[in-house]
Each structure stands twice: as structure tokens, then as C-alpha cells.
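Dear colleague,

I am passing on the structure below, and my notes on what was found in it follow directly after. Please read them with the model open beside you.

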Amino acid sequence: MKQRVVTAVVALLIFLPLLYFGGLPFDILVVAMALIAMAEFLIMKKKLLVSFEALLSFLAIISVLVPVFWAGFLTQDTLGGSFYFVALLMLLYTVLSKNRFSFDDAGVLLLGALYAGLGFRFMILARAESLWMMLYALLIVWVTDSGAYLIGRKLGKNKLAPHISPNKTWEGSVGGTLSAVVLVGIYLFFVQNYVPQAFAYNYQTMLLLTALFSIGGQLGDLIESAFKRYYGVKDSGKILPGHGGILDRFDSLLFVLPLMHFTGLI
């Protein structure tokens, strides 16, 4: 427990100031986290981090991650094409490696690059939109997780997905979403009163979206639990002692941020 607390405090002391100031320092932090997440996929697949397939994996996630405003001479079509080019190189490598690196390996790593790369890309875009937007996403995840844990401990009886995450309950899940709607709703009320242009929709619509994002965040958590169980690992990595890896800590947010993009917030 002590280790978890120390890690959390140190991580927040690094993350929160960079989040507050935004700009290039925050973007660099997000890119670093995305590359670490990609490394965690490679390790779970038992691939060497110093190898040709690892190099291609890192190029794949970078091609997904980079927003257009970083490279004004490129278009989004060009960036999308670069991901496809890396995918073709991976497929070619299955031939050159005589299937030591297989089609299945390529599929997992490319899907991992899309999943983590887009999630972290939308983190960059959310902070570029405003600090209020990024805090909104973080609060949804933090309040949902805390509410689900506390209410699940007190009232939880019916298992949500026992084959994947045996400790989660329906009561905790509903409680987490209700907690998010109430507490994040208070945040929205004050922000929309003092910064009217902070969000694209009115208060009632934002409350409905908050419930949707809260559910989405819980699905993201379950998805990560599913592939960890498939690969037989407790944590995706060890970079955060007591907390696991980057994918462990950002699994919900990697689902919430794309949903925010698809609903027109970022």
C-alpha cells in the first residue's frame, strides 16, 4: 500500500504540472507514455524491444499518434498512409523472417498501435482544446473508478464479468457511473458558469455524455483485463511500482477520449 501511495504521489507531481502548462512538454510526456504502452504490448507478446518488429511497432504508433499541427507539411491522409505503409512492412517481414514473426503477431501489434496511439493522440488534442476538457476526462475516470470501488465493496453482490475481472460487480458499475454524473456534474456546473465556451453542448447534454463516457471507461478497463488474462499477466508492465504499467493506468482513458472525439467534444 505504501508503495502504491508513493508511486501515485510522484506520478502526480510530474503529470499535473505538465498537464496544467500544456504545450510541448505535455505532448512529449504523452508520446513517451504511448511508446511505453507499445513496449508493454511487445513484452506481453514476448517480443524483444530491440528488434526489427519492435522498431516497426514504434513507427506504427508514432504514425497514429502525431497530430497534424505538429507537422504542418503533412496532411492527415499522409499520416494515415504512413501507418498503412508500416503495416505493409510488417506483412513483408513475415515473409523475410520465415514466419518467425507471424501474421498474428503483426495483427496484434498493429491493433495495439491503433488502440494506444489513437487514445493518446486524443489526449494531446483534448489538452490542446483546453485544460477544462482534459480535466473533465480525467475526473470521469477517477470518480468512476473510486465510486465503483467504494460502492462495490459496500453493496456489490452480482458479478459483472467474473471470467475476466472477478472483483467487479454490477452494483459497483452503476454506482461508479452515478458518482461520475453527480460529482462531474458539479464540475460542469461551475465550469459552464464561469467559462461558457468550455464545452460544445448544454449542461443536460453534458450530463448524458458523462454517463456514456463513464460506461465507456469501465468497458476500457474490462478490455484491458481481458487481454491481460489472455496473455497470463497480472499487470501490463512494471514502470509504476504498485500500479503496474501505462496501459493499466490509462486503460479507461484510452476509451473515454476517443468517445469524446466521436461525440464532437474534441
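Lys234 is exposed, with a relative accessible area of 70%, where exposed stands for over 50%, buried for under 20% and partly exposed for the range in between (1.4 Å probe, protein chains only). Its side chain meets that of Asp235 in a salt bridge at 3.9 Å, N to O, a salt bridge being a side-chain nitrogen of Lys or Arg within 4 Å of a carboxyl oxygen of Asp or Glu. Asp235, at 30% relative accessibility, counts as partly exposed.

Before going further, please keep in mind that this is a predicted model, in which local features need pLDDT of at least 70 and side-chain atom pairs count only at pLDDT 80 or more, whereas totals for chains, interfaces and linings use all residues. Residues are numbered from 1 along each chain as its sequence is written, and side-chain values use heavy atoms, with hydrogens and water left out.

To stay with the charged pairs: a search of the whole structure finds 7 salt bridges. One of them joins the side chains of Lys45 and Asp105 at 3.0 Å, N to O. This pair links distant parts of the chain, 60 residues apart, with Lys45 in the loop between helix H2 (23–44) and helix H3 (52–65) and Asp105 in helix H5 (residues 103–129); helices here are DSSP runs of H or I with at least four residues, strands are runs of E with at least two, and both are numbered from the N terminus. Asp105 counts as buried, at 8% relative accessibility, and a network of salt bridges links Lys45, Lys47 and Asp105.

Another salt bridge is formed by Arg100 and Glu53, whose closest N and O atoms are 3.5 Å apart. This pair, too, links distant parts of the chain, since Arg100 lies in the loop between helix H4 (76–96) and H5 while Glu53 lies in helix H3, 47 residues apart. Glu53 is buried, with a relative accessible area of 3%.

Lys46, in the loop between H2 and H3, has phi near 60°, a positive value in a residue other than glycine, and at 70% relative accessibility Lys46 counts as exposed. Asn99, in the loop between H4 and H5, has a positive phi of about 65° although it is not a glycine, and Asn99 counts as exposed at 53% relative accessibility.

Turning to the strands, S1 (residues 159–161) and S2 (residues 165–169) pair in the antiparallel sense over 2 bridges, the requirement for pairing being that DSSP finds at least two bridges between the strands. A hairpin of 3 residues joins S1 to S2, and the bridge partner of Lys159 in S2 is Thr169. Thr169 is also among the residues in contact with Gly152, together with Gly147 and Gly172, when neighbours within four places in sequence are left aside; contact means heavy atoms within 4.5 Å. Gly152 itself belongs to helix H6 (residues 131–155) and is buried, with a relative accessible area of 16%. The C-alpha atoms of Gly152 and Lys168, 16 residues apart along the chain, are separated by 7.2 Å.

Gln192, by contrast, counts as buried at 16% relative accessibility. Its side chain reaches the backbone oxygen of Tyr201 at 3.0 Å, and a polar atom of the Gln192 side chain lies 3.5 Å from the backbone nitrogen of Tyr203. Not counting residues up to four places away in sequence, Gln192 touches Phe199, Tyr201, Asn202, Tyr203 and Met206.

Conventions. Polar contact = N/O pair within 3.5 Å; in protein donor to acceptor, adjacent residues only side chain to side chain.
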